[in-house]
Structure formats: structure tokens, C-alpha cells
Amino acid sequence: MFPRAFVFSHKDGQSEHIFQHILPHTVSQQRRIKAHLNETIFIGPAMTVPRLIPTHQWTPVEQPDVSFSPNRVKGSNRKRRRDHHSQNDLKRQRFVSPGPHKQPARNGNFTSQPAAGPVTSRETCSSNSSIPTCSSATSKPGGCVPSLREGSHQSAFPSSSVNDKLSQQILDLFHACEQQNDDLEKKEHCRAALQRDIQTIFPCAQVFLAGSSLNGFGTRSSDADLCLVIEEGKVNHRTDAVYVLSLVRKLFYTLSYIERPQLIRAKVPILKFRVGGVEFDLNFNNTVGIRNTFLLRTYAYVEKRVRPIILVIKKWASHHCIKDASRGTLSSYSLVLMVLHYLQTLPEPVIPCLQKDYPESFNPKMDVHLVPSGPSNIPAFVSKNQSSLGDLLLGFLKYYATVFKWDKLVISVREAKTLPKTYCREWREKFICVEEPFDRTNTARAVHETVKFEAIKAEFTESYQVLQLRKDLNFILPLKNTRPKR
């Protein structure tokens, strides 16, 4: 994605594949990084400044002046460089903040205005940009997905869904554990503050809230996942993502409200930190996470029974130690897809196949900044299946304990069916195959040990047998230890 133009050295190590896109103007950007991050940029003795200029011989362009709060970043007051604009200024790299006279064309459909709710659109890149909002962020009449500013509480459940002890236990646990509106507002407030501060080093950067905090399946204790987007596209995570997050981490060290920033150099690098008691994970350009967040958010609200069932199943899996990808078991995302697949493939489906029924709303090639408004018109699904919450939980356990063929089938929410396990690299020699709905990778690839796979299957079988006999949630998930402490 990024050309090998030059090498920067910093305390996090060398990176050859570094950002001519992000730091194209050698002199001005060196001063910028030094001023804001106390970052020292070393240029090798054989590499002179003229060699850093691309072959098309453009000249440095004027950077917009960005003002900072003195209690956030030191050394921010500088004079703006005023250079002559050449004809080749039009060839500036993608990550350069547009000057005041020319904005990217695809920004035209979005407006910047003060907003109290979560940000859902691209922000005009300007020196004094405010929090952006998208006019379609508020659900239109008929849409099942609530606005990002509306409460997550749904209307009362029909009596047919809660007609027995087990179903009532599921619903009670859901109401006790579900993420509250003030929890989401707190995370959104942090997201907006982080975006403003990150824009001091990457003026066009956008920070998206993603994962369980926004997809409808979060709890009061859920961490907050954030995605930093500078320009949509593929990223070399071993170089580009690590370098960007390294710069952001150094910025975070100067911000008093951020605690313990730590860069995790995983396959998908993340920057972990805390703000006001909330754990945050920031990734760079993992845009598929934004897409699947809003797909799952639509599934969460398209039918009332989806959220309680998934929350209880996630609690059950955590209790039995089979929901931790870092330890070789299922990720939370894989488990959610497994539940959705089960609900889609019943003789009378509980939920539809959204990507088939509304392809324009979940187009994998849609500009990522349009993704939040995609499902705004999707209506609630009216299912002929009137099974209770208890019956659906029992049916889910039975399906994966006795029906599903782990060694032959791939779980596909995208197609609302199982797919044959082929010998392609993605599925070959994998114990559990769960298709990511957008990039079609295997979300369950963390399960790579026989002993962990057998433990997962055993928990499904044992819990199904116990629940079928007892019809009491306490026998597979002790409610006394599961409810959050107030």
C-alpha cells in the first residue's frame, strides 16, 4: 500500500515500508513530529533530502494549521509554512490533508456539525473540523435498527417467547447484563476525544467504534474496539500498521486522560489502553471489522429474540472456558456467527439472510464511511417460528452437539446455509470453519489443537444433555455468579 521511499528510525524499531503517504513533506513533517511527539527522525548518511522527493518533483504544500489545547500536547504553536503551489500539487499522496481550496470529491455527501451521538461518516479534513454526522444515521421509518443515538431497549417480548422458567431466566439475565445507554455514551465520548487528538498528527483520520460495544451484543463489562482509518485500503500489518500505532502510542503518552498505552504486535496489531476505567483496543485500517459490526447490529435488532439468546450463549461459553481465541478456543465473533447460522437454518427461520435479501445495504465494496447508514431502511423480520427463548437455546446446543458435521461443513451466515469444506487453504486441516461474511476467511482458525476442539464439542454435548433434562439455566450457567455486580 505504501511505497518504499525512505526509512525512519524510532524507538520502536526500523520500518522500511513507511509512509510517504502520511509524511510526504520531509522538512515540515519532521518538525511536526518533533514538536508533537518528541520524535527524532534520522535519515541515513547516504540518503540526502533531494532523494526523498518523488520522481514527479512536486514541492511541499501548505499544511493546515491545527490548534491544540495546551493541556494535551505540548509545543503545538508553530508558524505555518507558506510555499508556492506547483501544478504537480494535484499529485499529492492520499493521506495528505487537503488544503482549504480543494476537498476530496467523495466527502461531498457528508457534513460536519456538532453531534452528541456516535460518528458515522467521513469528516471534512480541515484545521478546525468538528465531529461529523451522517444525515442517514437516524433510522428512517420502517427500519428495525435503532439510531446510534437511540436507546437499545426493545419493547416487551411476546408471551410466546417467554412462556417457561428457562425462557424467563434467559430474559432476566439479558436485562441484567446488557450494555446500557450510558455505557455506550461513555465509550462514544472517548472515541470522539481520541479522534480529535489523533487528527493532530493525521488530519484526515477517523476513529470508528466497532465490535460488541456497537453491534448490539455487548454487556456492561465489554471492552471497546476502535478502528483507526486514514485511507481505506489494504495494509501491511507487519510494517504500516505497527508504525502508525507506534506514532499514536507516543501521542497517547502526552494525553493525561489515557492510561497505560501498550502496543500488541499480533497478526493484527492493536494498541491497548484505558480511559476512565474502560478498556480500549485500537486497530489500524481493519475495515472489515466496521462492516461486520453493522451487519451484526442489523441481525441483533431484526428479531427480538436474537440479542437475549446470543448474550446468554456468550456467557455460557465463557463460563465453560471455550470463548477465548487467545487460548485456542472460539472467538466471541465466531460464536455469534454460529448462533446466527443456527437461527437462519431452522425449518422455519428465526432470522433472514440479510446479505442475500439486502445486498445493496451490505455491499463489501461500499465506501467504509457509508457503512453505518447502510441498514437504515431494513424492516423487522416477521418469523413464522414462534419458539421460546428456552427452546431456541436448547435447539442451538442440540444442533452443534448432534447435527452439525464439524469435519465436512463450513458455517456461512452470508449464504444462510452450510458449505462443503473444500481443500482450499482457508479450510484445509481446520477443526472448525466459520466463514467471515465479508472477506470469507475462517474466523475460527484459532482452534488449531485437537484437545481444544474436543473440549468445545464436549461442552456442547454435555450442556445439551443436562439442559434437556433439567430445563434450568443454573445447571449449565450459574446465575448467581453470572449477574453483574452493582
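This is a predicted model: local features need pLDDT of at least 70, side-chain atom pairs count only at pLDDT 80 or more; totals for chains, interfaces and linings use all residues.
Visitor: How is a pair of aromatic rings described?

Guide: By the distance of the centres and the angle of the planes. Rings of Phe, Tyr and Trp (its six-membered ring) pair if their centres lie within 6.5 Å; planes under 30 degrees apart are stacked, over 60 edge-to-face, and the rest tilted. The whole structure holds 16 aromatic pairs. Take W316 and F460: they sit 5.1 Å centre to centre with 65° between the planes, an edge-to-face pair.

Visitor: Which helices hold W316 and F460?

Guide: W316 is in helix 7 (residues 306-319) and F460 in helix 11 (residues 450-470), 144 residues apart. Helices here are DSSP runs of H or I, at least four residues, and strands are runs of E, at least two, numbered from the N terminus.

Visitor: Why is the Y400 and W406 pair called tilted?

Guide: Their planes are at 40°, with ring centres 5.6 Å apart, so the pair is tilted. Both Y400 and W406 are buried (under 20% relative accessible area; exposed is over 50%, partly exposed in between, with a 1.4 Å probe and protein chains only).

Visitor: Is A416 buried or partly exposed?

Guide: Partly exposed, because its relative accessibility is 22%. A416 lies in the loop between strand 10 (409-412) and strand 11 (417-420).

Definitions and conventions. Residues are numbered from 1 along each chain as its sequence is written. Side-chain values use heavy atoms; hydrogens and water are left out.
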